[in-house]
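Visitor: I have a structure to go through with you. Could you take my questions as they come?
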Amino acid sequence: MYAEHGRFNRPQKKDILETTTCRKVHRNTVPWTLTLLNAIFAALTIYLSLRYEPRCPGELSDKRYHNAGLNPALKATSIYSPLFDEIDLSLQPHKLDGSFKNTSSIFRQAPSPEVDAAWDFFSGSIFTTTSFALAESQKRPETAVKAPESWGRGDDAYIFQLDVFHQIHCLNWLRKDLNWEYYWGDERPSQWWLDHRAHCIHILLQTLMCHADLDIVPYNWVPRHGQGPELVPDPDFNVVKMCRNFEAVVAWAETNQVEDAQEKRKHLKAPIDAVASEWPY
């Protein structure tokens, strides 16, 4: 406005009236804005108070769970999973085996029927959960596959697999590719094969990034190639981590998995009122 009259010109009476009017209107809207913000804050506070019930300083009890004393730290830092109420994951320190040639674990051994059986356990397991659990884990029950009543899982049972098992399944495909001749012989990879491997690699990458593991890997002085007097710096991958009780997860899976799951899955038929989900691939 000052520019219209010159930088140092005195404002006209009309300008003063317009400015005063605008300022009055601005001052009058402030209380309404504050009232609206207070109302939003109050509504959010009521929502949170209904959803979470304080138990002691620094601790919240999530009312979606029934066993408040089981895995409280994991519940507070994870997307909802009904298994936090069923499996005692008991975080414990565990040193990883970062060696290059130790084959004491069956998962490091050369291909065999026994090795395949150990890995394949994670590939075919299917379980069931409720529509409530799906919704709380930010999935849509209306597009999820419901287990038929003939499975004996009740009328509110939806099939799922554990994400950690899917990740191990992806590692299993990559392991097989390292032993190409044993598993595939002279077969050449198809486009589906390439897409599947790319999917697995990306899934594992996203999971690693999501967890953003910040445990430190120190460098130690070690003999070059494990021999000779010369010492060289080498990373010590035998890192100590706080690990969930994976044995408890496996025990739960063995007890709760759907029998003959993959065979039953082949015979699932979409009901007439099924809601199609977006093609994820």
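Visitor: At what angle do helix H5 and helix H8 pack?
Guide: Helix H5 (residues 163-178) and helix H8 (residues 246-256) pack at an angle of about 100°, and their axes are 12 Å apart. Helices (H or I, at least four residues) and strands (E, at least two) are DSSP runs, numbered from the N terminus. Axes are lines fitted to C-alpha atoms, for helices over the stretch in contact, and angles run from 0 to 180 degrees between N-to-C directions. H5 and H8 are therefore roughly perpendicular to each other, a term for angles of 65 to 115 degrees.

Visitor: Which residues make the contact?
Guide: H5 contributes Val164, Phe165 and Ile168, and H8 contributes Phe246, Val249 and Ala253; contact means heavy atoms within 4.5 Å. These residues divide into six nonpolar, no polar and no charged, where Ala, Val, Leu, Ile, Met, Phe, Trp, Tyr, Cys and Pro count as nonpolar, Asp, Glu, Lys and Arg as charged, and the others, Gly among them, as polar.

Visitor: What is the basis of these values?
Guide: This is a predicted model, in which local features need pLDDT of at least 70 and side-chain atom pairs count only at pLDDT 80 or more, while totals for chains, interfaces and linings use all residues. Residues are numbered from 1 along each chain as its sequence is written, and side-chain values use heavy atoms, with hydrogens and water left out.

Visitor: Which residues of the largest nonpolar core touch the most other members?
Guide: Phe127, Leu162, Phe165 and Trp252 do, in a core of 21 residues. Such a core is a set of buried Ala, Val, Leu, Ile, Met, Phe, Trp, Tyr and Cys residues joined through side-chain atoms within 4.5 Å. Buried means under 20% relative accessible area, exposed over 50%, partly exposed in between (1.4 Å probe, protein chains only).

Visitor: Which helix gives the largest share of this core?
Guide: H8 does, with five residues.

Visitor: What does Leu162 touch?
Guide: Leaving aside residues up to four places away in sequence, Leu162 touches Leu83, Phe127, Val249 and Trp252.

Visitor: Turning to Leu91, where is this residue found?
Guide: Leu91 is in the loop between helix H2 (72-77) and strand S3 (92-95). Its relative accessible area is 38%, so Leu91 is partly exposed.

Visitor: What does Leu91 touch?
Guide: Its partners are Leu74, Met242, Cys243 and Arg244, not counting residues up to four places away in sequence.

Methods. Parallel < 35°, antiparallel > 145°, perpendicular 65-115°, else oblique.
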